[in-house]
Amino acid sequence: MKSADLDCRFMELAFAEAEKVKGRTLPNPPVGAVLVKNGRVVGKGGTRPAGQAHAEIVALEQARKSAAGATLYVTLEPCCHHGKTPPCTRALIEAGVKRVVAACSDPNPKVSGRGFSELRRAGIEIETGLLKERGEKFYEGFFFYIKQGRPKIVIKIAQSLDGRINAQSGVETKITGLESQRFAHLLRSRVDAILIGGETLRSDNPDLTPRLVGGVAPQALVLTRKNRLDSRFQLFAKSRQPPTLALSFPEKGLVLSLMRVFEEKGYHMVLLEGGRGIWTPFLNAGLCDALYLFTGPKLLPKGERWDGNLRPGWVKSLKFHRFTPFGPDVLAEFRRA
């Protein structure tokens, strides 16, 4: 196998380690690291919960003396500052790692290329950009969070040809097909949390997992004023991990209250999936960074319109990006203008 192919293979393993810990490291990003020596993996791991070891340290602890002369494959630039844990760059230098291959630079101003510079000064060979496109998608929320100082808000809506979201209020209605649903599950796999309303919980009884594409289930949040939230609902099954959070706020100041919760939890990206009462306040407040609007080939003349309570001019903060067909459905994407 060629050297470039081997590099890609080991970086894929690093991303697999990062996938395992997604959602468990907040507010830190989920990083995967693999140490390789003489073509053999001698250490690997993902970032542990906040305040504990980073991925590079987990891999070094496994490799021990075998780390000397090894190559580190890591999904994000190693940190070089002292936060709740010591800098990873210092540990890599002291362990005698010979080469570091990274997918992405860390945009955090405390790192932002300084990690690579410190390693180079110590004589470690640095290569960056391997599987960079994958890394940028994987860290979409984290990059936004660092640059904007808040979580990225993503809204997903499915409508009929006549702009309705159900056959009638409180009734689950399948509007889009399997291809669209698979893309929606891909969105779920990329976010840290999903928010729905109590009406969607009771009518649809969703599980909010990315089961069609695989991956770790994000944190589920339910906004509801009713307390009858028991194991009849999939989201409140005792076995669900992480446990679903039930939230209740007055309508006045709802967006601000929810954003405060998102920031306290350290979420990088939040998906708003269910109910007009969820997405309407955010769209009216101009607080939507990406809108995914699916249209299925159905007519529902008696249902609720998805845009029924939107204020004039709500779309000014968004710019059309593209149309994408998904079988018989069409996805219209909008991004922050």
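This briefing walks through ring pairs, salt bridges, packing and backbone details of the structure above.

The model is predicted, so local features need pLDDT of at least 70 and side-chain atom pairs count only at pLDDT 80 or more, while totals for chains, interfaces and linings use all residues. Residues are numbered from 1 along each chain as its sequence is written, and side-chain values use heavy atoms, with hydrogens and water left out.

**Aromatic rings**

- Rings of Phe, Tyr and Trp (its six-membered ring) pair if their centres lie within 6.5 Å; planes under 30 degrees apart count as stacked, over 60 as edge-to-face and the rest as tilted.
- Tyrosine 139 and phenylalanine 142 make an edge-to-face pair, because their ring centres are 6.4 Å apart and their planes stand at 70 degrees.
- Tyrosine 139 also pairs with phenylalanine 143, and this pair is stacked, with 6.0 Å from centre to centre and 25 degrees between the planes.
- Tyrosine 139 is buried at 0% relative accessibility (buried means under 20% relative accessible area, exposed over 50%, partly exposed in between, with a 1.4 Å probe and protein chains only).
- Phenylalanine 142 is buried as well, at 5%, and phenylalanine 143 is buried at 13%.
- Ring pairs join Phe15, Phe138, Tyr139, Phe142 and Phe143 into a cluster.
- Lysine 22 places its charged end over the ring of phenylalanine 138, 5.3 Å from the ring centre (a charge sits over a ring if NZ of Lys or CZ of Arg is within 6 Å of the ring centre and within 35 degrees of the ring normal).

**Salt bridges**

- Side chains of opposite charge can pair when their charged atoms come close.
- A salt bridge here is a side-chain nitrogen of Lys or Arg within 4 Å of a carboxyl oxygen of Asp or Glu.
- Arginine 90 bridges to glutamate 118, with the closest N and O atoms 3.6 Å apart.
- Arginine 90 lies in helix α3 and glutamate 118 in helix α4 (residues 114-121), so this pair ties together parts that are 28 residues apart in sequence (helices, H or I with at least four residues, and strands, E with at least two, are DSSP runs numbered from the N terminus).
- Arginine 90 is partly exposed at 39%, whereas glutamate 118 is buried at 16%.
- Glutamate 125 forms a salt bridge with arginine 99, the closest N and O atoms being 3.9 Å apart.
- Aspartate 289 and arginine 336 form a salt bridge with the closest N and O atoms 2.8 Å apart.
- Aspartate 289 sits in the loop between α10 (276-284) and β11 (290-295) and arginine 336 in strand β13 (residues 329-336), so the pair ties together parts 47 residues apart in sequence.
- Aspartate 289 is buried at 5%, and arginine 336 is partly exposed at 33%.
- Shared partners join the salt bridges of Asp7, Arg99, Glu125 and Glu127 into one network.

**Buried packing**

- Threonine 89 lies in helix α3 (residues 88-95) and is buried, with a relative accessible area of 0%.
- Residues up to four places away in sequence aside, threonine 89 touches Pro78, Cys79, Cys80, Gly115, Glu118 and Leu119 (contact means heavy atoms within 4.5 Å).
- Alanine 103, in strand β4 (residues 99-104), is buried at 2% relative accessibility.
- Beyond four places in sequence, the contacts of alanine 103 include Met11, Phe15, Val74 and Leu131.
- Alanine 103 and glutamate 136 are 33 residues apart in sequence, and their C-alpha atoms are 8.6 Å apart.

**Backbone details**

- A cis peptide bond joins leucine 26 to proline 27, with omega about 5 degrees; proline 27 belongs to the loop between α1 (3-20) and β1 (32-37).
- Another cis peptide bond runs from glutamine 241 to proline 242, with omega near -10 degrees, and proline 242 is in the loop between β8 and β9 (245-247).
- Asparagine 38 has a positive phi near 55 degrees without being a glycine; asparagine 38 lies in the loop between β1 and β2 (40-46) and is exposed at 79%.
- Asparagine 205 also has a positive phi, about 45 degrees, and is partly exposed at 25%.
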